Amino acid sequence: MESAEARVNFASAPPYLDALNPKQYEAVVFGEGPLLILAGAGTGKTRVLTTRLAYILERQLCTPLNILAVTFTNKASQEMRERIQHLLGHSVDGMWLGTFHSISVRILRRYAELLGYSTNFTIIDSDDQIRLIKQILKAENIDEKQVPAKMVASIINRWKDKAKTFDRAGNQQDLHVQLYKQYQERLKTLNAMDFGDLLLNSLQLFQQAPEILKNYQQQFCYVLVDEYQDTNVAQYLWLRLLADGYKNLCCVGDDDQSIYGWRGAEVANILKFEVDYTNAKVIRLEQNYRSTSHILGSASGLIAHNHDRLGKELWTEKGDGELVLVKGNWNSEAEARFVIDEVEVMQRQGKPLNSMAILVRASYQTREFEERCIKTGTPYRVIGGLRFYERQEIKDAIAYLRILVQPDDGLAFERIINVPKRGIGPGAMQAMHAIAREQNISLPRAALLYAMDDSKGSGKANLLTFFKDLQSWRKMLDNTPHADVVKTVLDESGYTGMWLEEKSPDAAGRLENLKEFVKAIEDFEFLPGFLDHVSLVTDNNNQPNNDCLSMMTLHAAKGLEFDYVFLPGWEENLFPHPRCMQDNGAAGLEEERRLAYVGISRAKVKAMISYALQRRTYQGWQVGIPSRFLKELPTRHVKHIQANNHEVKQHAYNSKPASIEDYRALHLKIGDRVFHQKFGYGDVVDTEIEQATVEFDMSDTKKIHISFLKKQ
Ligand code: ATP
Ligand code: MG
C-alpha cells in the first residue's frame, strides 16, 4: 500500500477535502498506524471518519472489502454509508460497515460450527433471555422472589460486557456463576446466542482458531470506529484483535460524551489508547462547527465541573447567537405549554419542525409534550422509542381500564387476563373462545361461564378471583376518585407488582410510566372520557407527515444535531436522575453531567432549558427544586427567566433546601415574595411574630410558620 501523503501530492485533491480545517485534513489523509481523534462535540469527528473512508476508497489505498467501520447504531451506519456514497458519487459494495453486533453476526454465521453451534443459530432478545433463565431457576427449584431472573440476566450481561466467560467469572461455586454456566449450556442446545454472546463468541473463535483471526487481520487494512468512548471491554478486545494485522486503527470519540457506563462502557478505553499504541497519533479538533458560542460556552462551562476528564478548549466561528435560555415554570403543565408555544411561534416564522427537538431525561416525560402536541395539532415523532400510549405497560393498563368500564371488551380482556400470570394458557383461552362462539356472547362472559363450570381447567380459581375483583373495582368507581381506583386496580391485580419484581433497568422506567399514566387520568373527570381521549390520541398517530417535531431521550440523541433544542425537566430528582447517583455516587453524577453536556451540544442555533417548580407525581404535587446543573452554567452565556417571567442575572438555585436556621433569620414583611416546599411561590399579605399569611400562586391563602418559608 502506498501512503496517503505520497498520493495526495501528485493527484488533484478531491473537492470534499477543501472544506476541512487543517487538523481535520490531517486526520483524513493520515497514512498508516494507530490514530485517535479525541475531540469535543460538534467538531466534525463523524464527518472526518466518513471523509477518511471516502478518501481511502477514492485513492484506492485498499478495496472496500478491506475496510472495517464500526458505528454505535444501525441508523448511524446507514447514514455513514449514504454519506460516503454521496462524497464519492457512486455506490460502494463490500465494505464491512455496521455495528459491533451486526459485524459479529457476519463472522459467526460463517464459523459458528467451530464453537459447537450451527451457522443458522438464532439470536435471542432480552425477553427470551429472561424466559430461559426463569426455566433454569424453576428446574433448579430456586425461588424467583429470592433470585429474580432479570437480576441474573443483568449480572450475566455485565460479565459478558467485560468479556468474562463463565469459567472466568469468579468463584465457580457462586450461585450466579453456576446459573451463568447452565444458561450457556441451554443456549448451546437451543443453538441460540444472546447479544453479549455475539461479541464473546467472536472473541472465543479468534482464540480457538488463530488462523481465522489471522485471515481477518489480513483482510482489514483499515479499521475505523465512531463513538469510541462508549465501548465496553469485550468490544475493546474485539477491535484490538481485528485491527492487529495492520494496526491501522482509527478511533474517534469524546471522553465527555461517555454516557453508557451503566451498560458496561469503559471511558478508560479511550483514555488509554496512547498506552496501548505507543506510536499512536492523537489529533485533537478544537473548532466546533455546530453551535453558536453561547451554546458552546454553556456546554463547556457545565462539563468543566467534572473532575474525571481530559479537558479541552472548543471555539466556534458561528458568532455569539442567542443566549441559552433557562425558563422557570410554575408546574410541569406550564412547562409543556411553554415548549409547544415556542415551537408554534418558530413554526409561524417559517422554521421547519424537523429542525426542532425535545430531549428528555426519562422517557415518561414525553407524555405531557405529546398531549400538548395533539391539542395543538403539531405533528411529532418519538425517536428511538414508542409514543407514550403505545408502550407495553401503558397499553396493558388501558386494557384493565377498558374492561372495567366496558365489561364485554373481549380484546382488552384477552390482553391482560394472563398478565400478570394467572395460569391461563392457550388451552383455557381456546375453551373460552369456543364458549363465546357457541353461545354468541362476549369473551369475558364466556370466561366467567368457563370459570364457574365444575369441570377441570387451568386457572379457574384465579379467573373467579379476577371477576370478583372487577366487581369490587367497579363499585369503587361510584364513590372514589377514579385515579385512586386506577391505582387500586393496578396494585390489586398484581400488575404493578409484576414490574416491581423485575429487577431490570427498563422495569424502573415502566413503573415511572405507570405513575405518569395515573397522573394523566387525574386531568379527566370520568374514566370513559379519559379512554376516549386515549383512542383519539392513538388514532392521531397515523397521520403521514414528514415535517415533525422530534422527541427522544438524551441517550438516543447522541451524535445527532438540531437547530433548536428544548431540554425540559432540569430539576433535582429528575436530572440528575436519583437512580444513577444512588447506584454510582459521584461517578454517577459525572455521567449525568456528561448527559447534560450531550444535550446542550446537540443545538446549533438555540438551546432552551426549562424546569418546573411543581411536578405532579404519583403522590400528588411535589416541589421541583431546580437542578444543580443550572447553577453550573456560566452566567454570561445564559438568560434566566423565572416562572413569574422576570429576568434575573443568576437565579438563586438551591440544590438542597436551606436549614431551618436560615429561615429563622428571615424578617418577612407584607409584599415579600416567598417560597414554600409544598405550596410553591406566594406573596406575604400579613405577618405575625413567627407566622405569615401567604397568598400562594398555585394554592389558597394560608397562615404558615416562617421557618417553612424562604424569602425570594
Ligand atoms: P458529536 O460529538 O456530537 O458526535 P461530531 O464531532 O461527530 O459531533 P459532526 O457531527 O461530524 O461532529 O459535525 C458537526 C457538524 O459540523 C455537522 O453538521 C458537520 O457537517 C459540520 N462540520 C464538520 N466539519 C466541518 C467543516 N470543516 N466545515 C463545515 N462544516 C463542518
Ligand atoms: Mg459524531
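Let me start with one pair of strands. Strand β2, residues 67–71, pairs with strand β6, residues 222–225, in the parallel sense over four bridges. Within that pairing, Ala 69 has Leu 224 in β6 as its bridge partner. On this part of the sheet packs helix α11, residues 233–242, which touches β2 and β6. The direction of α11 makes about 165 degrees with that of β2. Please keep in mind that this is a predicted model.

Now the sheet as a whole. Six strands form an open sheet, and the order is β3-β2-β6-β7-β1-β8, with parallel pairing. At the edges stand β3 (96–99) and β8 (281–283); each has a single partner strand, so one side of each is left without a neighbour in the sheet. On average, neighbouring strands here are turned by 15 degrees against each other, direction ignored.

Next, a pair of helices. Two packed helices are described by the angle between their axes and the distance between the axes. For helix α15 (residues 332–348) and helix α16 (residues 366–376), the angle is about 50 degrees and the axes are 9 Å apart. The crossing of α15 past α16 is right-handed. Which residues meet there? On the α15 side they include Arg 337, Ile 340 and Glu 344, and on the α16 side they include Phe 369 and Arg 372. By class, the residues of this contact divide into five nonpolar, two polar and six charged.

On to aromatic rings. The structure holds 27 aromatic pairs. One of them is Tyr 228 with Phe 273: the ring centres are 6.1 Å apart and the planes stand at 90 degrees, so the pair is edge-to-face. Tyr 228 lies in the loop between β6 and α11, and Phe 273 in helix α13 (residues 273–276), so the pair ties together parts that are 45 residues apart in sequence.

Last, some backbone geometry. Most residues other than glycine have a negative phi, and most peptide bonds are trans. Gln 60, not a glycine, has a positive phi of about 55 degrees; its place is in the loop between α3 (45–58) and β2. The peptide bond from Val 419 to Pro 420 is cis, with omega near 0 degrees, and Pro 420 is in the loop between α18 (410–416) and α19 (426–439). Another cis peptide bond joins Phe 575 and Pro 576, with omega about 10 degrees. Pro 576 is found in the loop between β15 (562–567) and α26 (578–600).

Notes
Residues are numbered from 1 along each chain as its sequence is written. Chains are lettered from A and ligands numbered from 1 in the order in which they are written. This is a predicted model: local features need pLDDT of at least 70, side-chain atom pairs count only at pLDDT 80 or more; totals for chains, interfaces and linings use all residues. Side-chain values use heavy atoms; hydrogens and water are left out. Two strands pair if DSSP finds at least two bridges between them. Helices (H or I, at least four residues) and strands (E, at least two) are DSSP runs, numbered from the N terminus. Axes are lines fitted to C-alpha atoms, for helices over the stretch in contact, and angles run from 0 to 180 degrees between N-to-C directions. Contact means heavy atoms within 4.5 Å. A crossing is left-handed if the near helix is turned anticlockwise from the far one by less than a right angle, and right-handed if clockwise. Ala, Val, Leu, Ile, Met, Phe, Trp, Tyr, Cys and Pro count as nonpolar, Asp, Glu, Lys and Arg as charged, and the others, Gly among them, as polar. Rings of Phe, Tyr and Trp (its six-membered ring) pair if their centres lie within 6.5 Å; planes under 30 degrees apart count as stacked, over 60 as edge-to-face and the rest as tilted.
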